[in-house]
Amino acid sequence: MFDFSIIKALLFDLGGVVIEINFQRVFNSWSKYSHLNPNQIRQLFYFDKPYQQHELGKIESNNYYEHVRSTLDLDASNSEIELGWNKIFTGEINPVVKRIGDIKNKINCYAFTNTNEAHQNTWEKAYPNISLLFNKVFSSWKLGYRKPDPTAFEAVLNLMNLNAKEVLFFDDTEENVTTARSMGIQATLVKHALHVTSVLDQLEES
């Protein structure tokens with residue numbers, strides 16, 4: 001499936017691959033400030049244009065929180081919305097974190113995440129060793145591009161100074177993996193932690 005002989009770098013998504021996330025925790029928290037229950041909030045919440053602009057760094061957090069407040073009818077301050085927003089993180093995915101730690105001195109490891117400033121500040125503080133796993137973390141809100149935009153992958157490849165085929169990419173979103181593959185990047189869809197560790201074992205054994 002992969003040509004391990006030409007791999008020069010590993011590129012990891014963060015949420016769902018290295019850090020466990022759970023949107024339901026966000027909805028549960030926000031429901032305390034709304035007449036809507038968590039399930040109703042989940043049905044109304046989606047990755048709309050303001051969400052994407054927030055992850056692109058094009059609108060500030062306070063403006064996005066105002067959008068959330070209006071869309072979900074929240075009677076909450078920006079700080080209360082942000083507190084709930086940051087409950088999305090539930091912990092490191094330990095088998096993956098350990099395995100990256102084992103292999104990072106043998107091959108360059110990078111991360112590429114669709115995220116916003118508040119979320120990045122939160123996970124960096126909660127899991128300070130995560131950033132140490134990678135040569136560089138590419139964040140959409142700093143990069144100005146987000147997955148699955150091909151331009152985002154082009155930007156990351158340029159920053160890594162690598163050809164597409166020289167990169168092995170791990171992501172838990174099929175659309176992101178499909179775009180990466182269409183550009184020649186060797187990519188795999190992550191469904192569970194053991195999938196990541198298995199591929200890394202194969203890489204080392206090749």
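I take helices and strands as DSSP runs, numbered from the N terminus. With that, I place Asn161 in the loop between α9 and β6. The model is predicted.

**Entry 1**

I looked up backbone phi at Asn161. The value is near 60 degrees, positive in a residue other than glycine. I then checked its exposure. Asn161 has 68% relative accessibility, so I count Asn161 as exposed.

I went on to Asp73, in the loop between α4 (61-71) and α5. Phi of Asp73 is near 55 degrees, again a positive value in a residue other than glycine. Asp73 comes out at 42% relative accessibility and is therefore partly exposed.

**Entry 2: Lys147 to Pro148**

I checked omega at this peptide bond. The bond from Lys147 to Pro148 is cis, with omega near 5 degrees. Pro148 sits in the loop between α8 (140-143) and α9 (150-160).

**Entry 3: α1 against α5**

I looked at how α1 (residues 23-30) packs with α5 (residues 78-85). The angle is about 150 degrees, and the axes are 8 Å apart. Angles over 145 degrees count as roughly antiparallel. I therefore call α1 and α5 roughly antiparallel to each other.

Next I listed the contact residues. From α1 I noted Phe23, Val26, Ser29 and Trp30. From α5 I noted Ile81, Gly84 and Trp85. By class, I have five nonpolar and two polar residues in this contact, and no charged ones.

**Entry 4: Ser31**

I moved to the loop between α1 and α2 (38-44), where I found Ser31. Is Ser31 buried or exposed? Its relative accessible area is 16%. The cut-off for buried is under 20%, so I log Ser31 as buried. I left aside neighbours within four places in sequence and listed its contacts: Leu36, Asn37, Pro38 and Ile41.

**Entry 5: α11**

I checked the length of α11 (residues 193-205). Its 13 residues, at 1.5 Å a residue, should span 18 Å. I find its end C-alpha atoms 19 Å apart, which agrees.

Which residues of α11 are buried? I list Val196, Thr197, Val199, Leu200 and Leu203. They cover an arc of only 160 degrees around the axis, so I put them on the same side of α11. The face turned away from this buried side carries the exposed residues Leu194 and Glu205.

Last, I asked what the buried residues of α11 pack against. I noted three partners: β1 (9-12), α6 (94-103) and β6 (167-171).

Note on methods. Residues numbered from 1 in each chain as written. Predicted model: local features only at pLDDT ≥ 70, side-chain atom pairs only at ≥ 80, totals over all residues. Heavy atoms only, no water. Axes fitted to C-alpha atoms, helices over the stretch in contact; angles between N-to-C directions. Helix = DSSP H or I, 4+ residues; strand = E, 2+ residues; numbered from the N terminus. Parallel < 35°, antiparallel > 145°, perpendicular 65-115°, else oblique. Contact = heavy atoms within 4.5 Å. Nonpolar A, V, L, I, M, F, W, Y, C, P; charged D, E, K, R; others polar. Expected span 1.5 Å × (residues − 1). Buried < 20%, exposed > 50% of the residue type's maximum accessible area, 1.4 Å probe, protein only. Arc of directions from axis to C-beta.
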